[in-house]
Amino acid sequence: MPQLEVKNFTLYELVQNGLKTFMVGSSATKYDDRFIVEDINYTDRSEKYMANMRAKEGIYKNDKVILTGDVVYSRENGFILQTQKIIYDKNSSVAISDVGYTAKMGENVVHGTYIKYNNLLNKVYSKNINAIYQLQESK
């Protein structure tokens, strides 16, 4: 049963050295164990990276964010991931999508059926990919 419903929702998570996470939405419903946020805009900041995720809906529960509907995941280094569903684990800094995706970095584009992206290591694991990779000309 909902405990609280809020329009124009904003949540800040502060830690000793500053802002850790920032989450906004057009509305949110708080339950005992989770938030359900409409039009979610979620930012995770660490000393090593900053990642932003946007979607039509998000569920925040037990340090995991499940984003669904027109998900756009982006990093400050230019990496952009588009899909319909991502599960992001704040503790491991890993984002997983198993519903098909398109990833871009510059002119490079990858389409696949599964992606696991580790923010801390800046590494991608993927299945069934089709890639367009732009090679730089040697000078």
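**Aromatic pairs**

Guide: Phe79 is buried, at 7% relative accessible area (buried means under 20%, exposed over 50%, partly exposed in between, with a 1.4 Å probe and protein chains only). Bear in mind this is a predicted model, where local features need pLDDT of at least 70, side-chain atom pairs count only at pLDDT 80 or more, and totals for chains, interfaces and linings use all residues. Residues are numbered from 1 along each chain as its sequence is written, and side-chain values use heavy atoms, leaving out hydrogens and water.

Visitor: How many aromatic pairs in the whole structure?
Guide: Seven, counting Phe, Tyr and Trp (six-membered) rings with centres within 6.5 Å; planes under 30 degrees apart are stacked, over 60 edge-to-face, the rest tilted. Tyr73 and Tyr88 make a tilted pair, because their planes are at 50°, with centres 6.5 Å apart.

Visitor: Where do Tyr73 and Tyr88 lie?
Guide: Tyr73 is in strand β5 (residues 64-75) and Tyr88 in strand β6 (residues 80-89), so the pair ties together parts 15 residues apart in sequence. Strands here are DSSP runs (E, at least two residues), numbered from the N terminus.

Visitor: Is Tyr88 buried or exposed?
Guide: Buried, at 0%.

Visitor: Back to Phe79: what is its pair with Tyr117 like?
Guide: Stacked, because the planes are at 10°, with centres 4.5 Å apart. Phe79 is in the loop between β5 and β6, and Tyr117 in strand β10 (residues 114-118), 38 residues apart.

Visitor: Which residues do ring pairs link into a cluster?
Guide: Tyr42, Tyr60, Tyr73, Phe79, Tyr88 and Tyr117.

Definitions and conventions:
Helix = DSSP H or I, 4+ residues; strand = E, 2+ residues; numbered from the N terminus.
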